[in-house]
Amino acid sequence: MSVLKVENLHVAVGGEEILKGVDLTLSTQETHALMGPNGNGKSTLLAAIMGHPRYEVTEGSITLDGEDVLAMSVDERSRKGLFLGMQNPQEIPGVTNSDFLRAAMNARREQPLNLFRFIKALEGAIDDLGMDENLAHRYLNEGFSGGEKKRNEILQMKLLQPKFALLDEIDSGLDVDALGVVSNVINDMRQGDMGLLLVSHYERLYKLVPPTHVHVLVDGRIVAEGGMELINKINAEGYEWVKELGVDIREKEEKQGIMLGVCGNKVTQ
Amino acid sequence: MADYVISYPHYLVLENGHIKDACFNELISYKDQTLTIKHQEPVQLHVVILVDDAEFSLNYNIEALAQVDVIETRILGGKAILKRHMTIGDGAIVNIFHENLSVSKETLVFDDQGTIARDAQVQFGYAELSDHSEEANFHYDLIGENADVRLRMAALAKESEKKNYTIEIKHLAPNTTGIMDNYGVVKNRGSMTIDGIGTITKGQHGSASHQTNKIIIFDPECYASANPYLFIDDFDVKASHAAGVGKMDEEHLYYLESRGLSKTQSMQLITYGYLKPVVEVVENKMLRERFETILAKVGGTNV
Ligand SMILES: Nc1ncnc2c1ncn2[C@@H]1O[C@H](COP(=O)(O)OP(=O)(O)OP(=O)(O)O)[C@@H](O)[C@H]1O
Ligand SMILES: [Mg+2]
């Protein structure tokens, strides 16, 4: 069993404090759900755990089986068993998906995987995910549809076999059938010794992949914890109730879009 | 001088203007510095040009309706100058890959010119990863209606190399298309300028001129400049350009690193990806392998 521990984590982006003291302990074989209103810090927490250079940890600690994660480079964190399925996976021109996958698999092995075994593993995983085989030979995520990108994240998770998978809105962009397929793969993997942190706004995913723990993140802090009942409450009522706990929901100041009307008049939306 | 490996069954090796070696079929001939390719069947030809501290001119005459794939390997030394002119006839389909393998401590000069006639479809690939400074001018005129040219370059300037490129596609007939994508990488104290020029003269309605010029810089002492110019003298045309000089995309690096690839490995993969598509201009396994070997020079960064 492995333990990923986040303690009193404060994170700033561009000088602004987004996380204001988060505590979270994940063990393998547990599935944690992280919910919260838009823009309140869920992706920031995941990015800080993975080590995105723009997210500055100003206070607190992250450890993996007692080892200081914050002292590790991004690639080291990955090789130690952390995996982040991103909300918006990058498109990388000119780098074929299969070359990338092979490099990523080899990065955590002493001896490089031979080509035959790699192809077998890749084909198996592509098949399990019901993906189009051609996606392996295309450039990494370039021109992939929203759902194809998400499946490609899960493909990577399957091939890299992390200890902890952090999945950021993996269900967005997936159609109902694809969500079923992806959930099956996730459920398969959590039979083994893997811990999960799922970020999603929707009950739909949590019904397919039932969490053992639920956390609600508002304005950079975890304000409520529990089980499935919390998900049902949010599904029914939204987040208004957290205000009764004395918490402010962080609202984005939406910039008003200005659109040019047909006759050149400025039209505000 | 660098070695070369013949990569097509038909070839011509020219050393300081003399034929060193050749194997032609009846569709190919060479006389008075002019290489002529006739139409009838598709032809694949490897031309190797060796020039040692001198000036050499070569003309191609690709006749109407010819279908050719050409790999042109350029191995220049000293202060050599290469002038290359290409006449491409009506309806010809031409893919030509320029593989620069020159080595010199001096500045080399490349001057490629060409005219492209009606309905011809031409793809130019330029692999400019060689070890020297250079002044290069690639200029193609679209002189017949519906002529279509796509040019792609991958260039590397490293150590103290200075590479300056002026690349122009000029539309001198209606309904012509000119697209260029120039990608550069600059390392160490290297310097690179890419001036991309798209010119559409008056009356050439229905034409399209598009260009992308991008340079990635690796080190603080690099110099790079990417400048797009569009000179358009007709209303009914499409034109666009994108140009940029900058460091490697931080989000791209983070994505690859988050999968366990080291920073060096990630940078290498991204750079490869950025330069590699140029080899797709012609289908040739040997060329592809050579190019990938040479690409390794780009890696091993100390950033
Ligand atoms: N790279 C960044 N640059 C600037 N601001 C950022 C960056 N990343 C996050 N933020 C800001 O931090 C806040 C929290 O964003 P975060 O992405 O963590 O929200 P979230 O809870 O994942 O929201 P959502 O449910 O919409 O995905 C937002 O106000 C966001 O604009
Ligand atoms: Mg988010």
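**View 1. A:K5 meets its partner across two strands of chain A.** In this predicted model, A:K5 has A:T25 as its bridge partner in β2(A). The pair belongs to a longer run of bridges. Strand β1 of chain A covers residues 3-13. Its link to β2(A) consists of 9 bridges. The two strands run antiparallel. Strands of a sheet pair through backbone hydrogen bonds, and the pairing is either parallel or antiparallel.

**View 2. Four strands of chain A form an open sheet.** Read across the sheet, the order is β2-β1-β4-β5. The pairing is antiparallel. Which strands stand at the edges? They are β2 (16-27) and β5 (67-68) of chain A. Each has a single partner strand, so one side of each lacks a neighbour in the sheet.

**View 3. Helix α1 of chain A lies across strands.** This helix spans residues 42-50.

View 4. The mean pLDDT of chain A is 91. Of its residues, 93% reach 70 or more. Residues 255-269 of chain A are another matter: there the pLDDT is below 50. Beyond near neighbours in sequence, this stretch has 15 contacts in the model.

**View 5. Strand β7 of chain B is largely enclosed.** The strand covers residues 67-77. How many of its 11 residues are buried? The count is 10, so the rest of the structure largely encloses β7 of chain B.

View 6. Strand β5 of chain B, residues 43-52, runs parallel to β7(B). These two are joined by 10 bridges. B:Q67 has B:I93 as its bridge partner in β9(B).

View 7. B:L230 lies in strand β18 of chain B, residues 223-232. Is B:L230 buried, exposed or partly exposed? It is partly exposed, with a relative accessible area of 27%. Leaving out residues up to four places away in sequence, B:L230 touches B:G198, B:S209, B:Q211, B:A239, B:S240 and B:H241. B:H241 is 11 residues from B:L230 along the chain. The C-alpha atoms of these two are 8.0 Å apart.

Definitions and conventions: Residues numbered from 1 in each chain as written. Chains lettered and ligands numbered in written order. Predicted model: local features only at pLDDT ≥ 70, side-chain atom pairs only at ≥ 80, totals over all residues. Heavy atoms only, no water. pLDDT = per-residue confidence, 0-100. Contact = heavy atoms within 4.5 Å. Pairing = 2+ DSSP bridges. Axes fitted to C-alpha atoms, helices over the stretch in contact; angles between N-to-C directions. Buried < 20%, exposed > 50% of the residue type's maximum accessible area, 1.4 Å probe, protein only.
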